[in-house]
Each structure stands twice: as structure tokens, then as C-alpha cells.
Amino acid sequence: MTATATTPGEVAADTRRRISVGSVISTLGPLMALLLACAYFSVKSDRFLTGNTLSLIVQQTAVVGVLAIGQTIVILTGGIDLSNGVIMAFGNIMVTRLAVVSGFNPYAAIAIALTVTTLFGLTNGVLVTALRLPPFIVTLGMYSIAFALTRIYGHQQSVPNLPSELTWLGKTFDVGGTAVSYGSILMLALFVIAWFVLRQTAAGRHVYALGGNPEGARLSGIRTRRVLLCVYASAGFLYGIAALLLVARTQVGDVNAGLTDNLESITAVVIGGTSLFGGRGTVIGTLIGALIVSVIRAGLTLTGVEPTYQVLITGILVIAAVGVDQFARRRSA
Amino acid sequence: MTATEESRQSPEADGRTPILRARGLVKSYGSLMALDGTDFDLYPGEILAVIGDNGAGKSSLIKVLSGAITPDEGTVELDGKPVRFSSPVDARRAGIETVYQDLAVAPAMDIAENLFMGREVRRPGVLGSVFRMIDKKRMAAESRAHMSDLKIGIRSMKQLVETLSGGQRQGVAVARSAAFAHHVVIMDEPTAALGVKETGMVLDLIRSVRDRGLPVILISHNMPNVFEVADRVHIQRLGRRIAVIKPHEFTMSDAVAIMTGAMAGEKVTDEKIVDPT
């Protein structure tokens with residue numbers, strides 16, 4: 001030991017205090033914002049804090065929420081998915097046309113549609129890993145492709161008169177006088193599963209490692225391409241589930257669905273505190289982010305404020321959330 | 001000093017077999033010869049520094065040994081058995097761990113997660129086999145043991161790596177390598193980005209790794225560091241090993257002179273090491 005060397009413990013002492021304020025804000029911030037919004041609307045309207053309003057809010061979050069789970073895992077790897085809403089639209093048209101127009105068994109139609117949306121996701125993944133194209137470009141291209149295919153396959157027509165197998169997710173059951181939809185339960189279950197996989201399994205930790213330091217993850221022996229392919233394919237599967245939820249809610253196959261859901265899902269992810277640079281964020285944050293948007297929308301409607309204000313507030317929240325993330329990153333650099 | 005004297009005084013060369021040995025490595029990039037028949041020997045329990053001017057083939061040599069590139073010609077032997085690495089993962093599986101200059105750590109993950117990155121331990125029983133749950137407690141406990149083995153005084157393994165100082169991050173990277181290497185640890189410029197205090201800490205770490213029985217290959221531009229910590233110094237020049245010296249028998253300016261060709265390196269090279277046949 002030389003005179004200049006210190007024991008590592010001494011250096012450790014002063015860094016313990018630096019546990020970054022930014023990371024605390026970006027973790028607890030979204031939850032605080034959600035509670036604040038709820039508190040505000042509870043005071044403004046006595047109809048807000050009722051079981052049925054809250055249940056409706058969760059129900060209205062289901063489609064974007066499930067899309068946002070897929071969006072979260074893609075963004076955690078440092079990517080982005082602009083094509084999720086239109087992949088969902090393709091799944092939506094496919095499942096309804098197969099069941100209604102082509103006369104497939106509804107469950108077979110569901111299985112085929114989920115397979116096809118998974119393949120869409122996988123295609124994104126192959127283009128990102130094999131051709132090393134930027135996810136933004138790949139999914140922007142896929143946005144147009146899936147949009148066009150939806151219209152071509154859908155013959156520009158809506159598909160009404162759905163069989164009950166395709167609509168039961170929109171049905172509700174009674175919990176202490178409050179109507180809860182099966183779709184809401186499915187969404188919450190998917191969030192729990194996604195949380196579990198990301199937090200508690202090696203595969204999930206690899207997603208974070210890959211997003212935080214791609215080269216480091218590769219050198220650590222993580223098969224990064226395989227992780228990416230799994231992430232994009234799983235995201236595609238989730239977009240298929242979102243399609244089923246959408247079908248159940250709207251009771252129709254709609255060729256115009258999903259055009260802005262990509263941005264709405266990114267909004268939920270970003271408000272939920274996940275970093276667009278990858279490697280940082282949680283799926284629970286995303287759920288909170290999606291709920292914040294729904295709470296503000298429902299709250300403003302209940303208090304009789306023009307709906308455009310919801311869009312305005314959402315915009316401000318997005319910028320604030322990214323600002324906090326940048327702040328956290330700069331502190332830790 | 002003559003070659004025979006060096007080999008007589010050198011305990012490493014005294015009948016012991018090198019743990020990692022390379023002969024006649026050639027690597028060319030078009031017309032550029034990065035390695036022009038380099039030999040290499042690392043003996044058990046030593047810190048071997050590799051120095052050389054830019055373009056001497058230092059980093060190509062290390063890349064071959066760590067599996068990042070495959071040589072055009074030449075052989076590498078680990079523990080007397082010929083090996084051929086086609087990727088860094090191959091080298092790792094064979095027990096050669098590399099600490100990279102740009103630190104292969106994920107800043108937003110905690111210390112235990114970084115130590116076990118890519119080698120997560122699953123929970124016993126159904127939770128591990130069916131639900132694929134990782135054993136966070138065990139990984140934290142093992143991380144704590146590895147870190148304290150190397151006398152890195154960080155108490156919480158839950159601390160995110162981004163909250164650590166540069167030296168501590170290097171400590172995490174070194175601890176990860178030392179924990180999983182069963183043959184060799186390669187460190188590529190481990191002190192390049194560090195201040196004086198932290199450099200001292202990392203040099204102590206390198207000694208701790210050696211004292212735990214793992215030989216270390218240290219690549220460094222920093223002559224005082226090299227002379228402070230290395231047991232032997234491999235000097236690379238124009239794509240070849242031109243000399244192997246012991247720091248206490250030469251001055252830093254001798255080493256630089258050999259490195260730049262101002263002093264004839266061949267004279268100080270142990271011929272037995274260069275050509276064992």
C-alpha cells in the first residue's frame with residue numbers, strides 16, 4: 001500500500017449520501033402525481049371517488065395500458081415502437097374478419113390473430129437485430145406497412161355483429177356493487193406478470209442490462225440478440241391482446257383503430273418514469289402513467305372542463321417527466 | 001544482465017509451466033501487421049504488465065487472449081492445452097475474465113446485479129425451475145463476500161452502480177472478474193480514468209486479486225503504475241514481444257528505451273521463454 005492509496009471504505013462513505021434525489025423523484029413522482037390528481041378531482045366532484053368511476057377509469061386504460069406494457073419493454077432495451085397501435089389494428093381486423101366474414105371458430109381466430117401480431121413484433125425484432133437498423137426507423141416503416149395491410153385486408157370496412165366469444169372481455173362482474181370488467185382484470189394481470197418477469201427473472205434483468213450497457217451486456221455473456229428478439233416478439237403478442245381488448249370494448253372490427261395509440265402508449269411509459277435512453281424504468285410506473293392520463297380525462301369530463309385541456313395537461317406532464325429523467329441522469333453521470 | 005541470469009533468478013520461469021502461453025501470433029489487417037509473430041507467457045501467481053507504444057500490437061495481443069479477435073496464425077495454450085476462442089464468451093467459459101477499459105457495468109443496476117450480470121443464480125426448488133425466479137438474497141450475500149475479499153468497503157449491495165465513484169465502479173468490475181475467473185484476469189487500462197487516490201485503490205485491488213491466486217495481465221500506459229505493481233513486464237514492439245523484464249532490475253527509462261527501440265530489447269529477453277524448444 002502506498003502513501004497515496006486510501007482504503008476503499010473511506011471513499012465509500014461520501015458516496016452513500018449521494019443516492020440520487022433524481023432517482024427517488026422518478027420512482028415516486030408518478031405515484032404522487034396520480035394521488036394528487038385523484039385528490040384534486042375528489043374535491044372538485046363528489047362523483048369521482050366512487051367505485052363505478054374508478055372502475056371505468058381502469059377499464060378505459062386497458063387497451064393503452066396493455067400496448068404500453070409492450071412499449072415499456074421495448075423502450076427499456078433502448079428502442080421505441082411506433083407501430084404498436086397499427087399492429088393492434090391489424091389484429092383487431094383480423095380476429096373479427098376471420099370470425100365473422102371467413103367463418104372461423106372464434107377461438108381459432110383469436111389464436112391466429114395473436115400469432116400474426118407476434119410475428120409483426122418479431123419482424124421488427126429481426127430488422128433491429130439482424131440488419132442493425134434503428135428501432136425508430138424500423139417501427140416507423142412498420143407503422144405504414146401495418147396501416148396499409150389493415151386497410152387492404154379489411155377492405156376498408158368495419159366488421160359488426162361479433163360473436164360473444166370476442167366480446168366477453170368487455171363484460172363486467174359485480175364486486176360489492178361496482179361493475180368490474182374482465183378486460184380490466186386481464187390488463188392488471190398482465191402488468192403483474194410483466195413486473196414479475198422484469199424484476200424477478202434473469203431474462204428480465206437481461207433486458208435492463210441490455211438497455212443500460214449493450215456492449216457490456218454482450219461481453220457479460222448475455223445473448224443480446226436473442227433478448228431483443230424475445231422483447232419485440234413479446235411486445236407483438238401483447239399488441240394482439242390489446243386488439244382483443246379493443247374488439248371487446250368497441251364491439252366492432254375497425255380499420256381506423258390504433259392510429260394514435262403509439263403516441264399514447266409512449267406518453268404512458270414516459271409519464272411513468274421510464275427513460276427513453278433505456279435500462280431504467282418500471283412497468284408499474286407505466287401503469288401509473290396510463291392511469292394518470294385516464295384520471296385526468298375522466299376528472300375533467302366530470303367537472304365539465306373542455307376535453308382539450310386533458311391533452312394540454314398530458315403534454316405538460318410528458319415534458320416534466322422527461323425533464324426529471326434527464327435531471328436524474330445528469331446527477332448520476 | 002544476460003538472458004541466462006534472468007531465467008535463473010526468475011522464480012516464474014523456474015521449471016513452472018505458464019498458465020497462459022502463446023506462440024507466433026500473427027494478425028494482420030490488410031497490409032497492416034498488428035501482430036507479427038508475438039509470443040506470450042503468463043505464469044501462475046504473477047502480475048504481468050504488457051506495455052508498448054501505440055501500434056506495437058499491445059491491444060491486438062490482449063484481444064486475442066480475451067477472445068475478442070482470432071489470430072491469423074499462432075497458438076494459444078491455457079494450462080498446457082491448446083485453446084481457440086471465437087468470442088469473449090468462449091474465453092470467459094475457459095476461465096479468462098477481462099475488465100474492459102470502458103467498464104462493462106450497467107449504471108442503473110445495483111452492485112449485486114452487476115456482479116452477476118449474465119450469470120444470475122436461480123432460486124432453489126419450484127420457484128427457480130418453473131417460475132425462473134432469481135435468488136437475490138444469495139447473489140447479494142455472495143457479492144458482499146467477493147467485495148470484502150478484495151477489501152472494497154461498500155456496505156450495501158443494493159446501491160446502484162451510478163451512485164459509485166469511478167474507483168468504486170472499477171472495483172465492481174474487478175470484483176466481477178475475480179469472482180468468476182478461475183484462470184486469468186485481464187485488465188485493460190484499469191486506472192486510465194481515475195484520480196491519484198482511486199488509482200492507488202485499484203492498484204491495491206490488482207494485488208489482492210493476485211494474492212488470491214489469480215494471475216493478472218495488466219495493460220497500462222502508466223509507467224509508474226506498471227513499475228509499482230507488476231512482477232514482470234512484457235514489452236511489445238512492432239508486433240512482437242521484444243523483451244520481458246523485471247521492474248526492480250530496470251528503470252522506467254530503460255523500459256521506455258526498449259519500448260521505443262532506443263535500447264536493444266533482444267539482449268534482455270529470456271531466450272528460454274522466447275523459444276522453449
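Two strands are taken to pair if DSSP finds at least two bridges between them. In this predicted model, strand β6 of chain B and strand β7 (residues 184-188) of chain B are joined by four bridges and run parallel. Within this pairing, B:T98 has B:I186 of β7(B) as its bridge partner.

These strands belong to an open sheet of six strands in chain B, whose order is β6-β7-β8-β3-β9-β10 and whose pairing is mixed. Because β6 (96-99) and β10 (240-245) of chain B each have a single partner strand, they stand at the edges, and one side of each is left without a neighbour in the sheet. From one strand to the next, the twist averages 20 degrees.

Helices of chain B also meet this sheet. Helix α2 (residues 58-65) of chain B packs on the sheet, where it touches β3 (47-52), β6, β7, β8 (216-219) and β9 (232-237) of chain B, and the direction of the helix makes about 140 degrees with that of β3(B). Helix α8 (residues 196-211) of chain B, in turn, lies across β3, β7 and β8 of chain B and runs at about 155 degrees to β8(B).

In chain A, attention turns to a pair of helices. The axes of helix α7 (residues 182-200) of chain A and helix α8 (residues 202-212) of chain A come within 5 Å and cross at roughly 75 degrees, which means that α7(A) is roughly perpendicular to α8(A). On the side of α7(A), the contact is made by A:V197, A:L198, A:R199 and A:Q200, while α8(A) contributes A:A203, A:G204 and A:V207. The residues of this contact between α7(A) and α8(A) divide into four nonpolar, two polar and one charged.

Methods: Residues are numbered from 1 along each chain as its sequence is written. Chains are lettered from A and ligands numbered from 1 in the order in which they are written. This is a predicted model: local features need pLDDT of at least 70, side-chain atom pairs count only at pLDDT 80 or more; totals for chains, interfaces and linings use all residues. Axes are lines fitted to C-alpha atoms, for helices over the stretch in contact, and angles run from 0 to 180 degrees between N-to-C directions. Helices (H or I, at least four residues) and strands (E, at least two) are DSSP runs, numbered from the N terminus. Angles under 35 degrees count as roughly parallel, over 145 as roughly antiparallel, 65 to 115 as roughly perpendicular and the rest as oblique. Two residues are in contact if their C-beta atoms, placed from the backbone, lie within 7 Å. Ala, Val, Leu, Ile, Met, Phe, Trp, Tyr, Cys and Pro count as nonpolar, Asp, Glu, Lys and Arg as charged, and the others, Gly among them, as polar.
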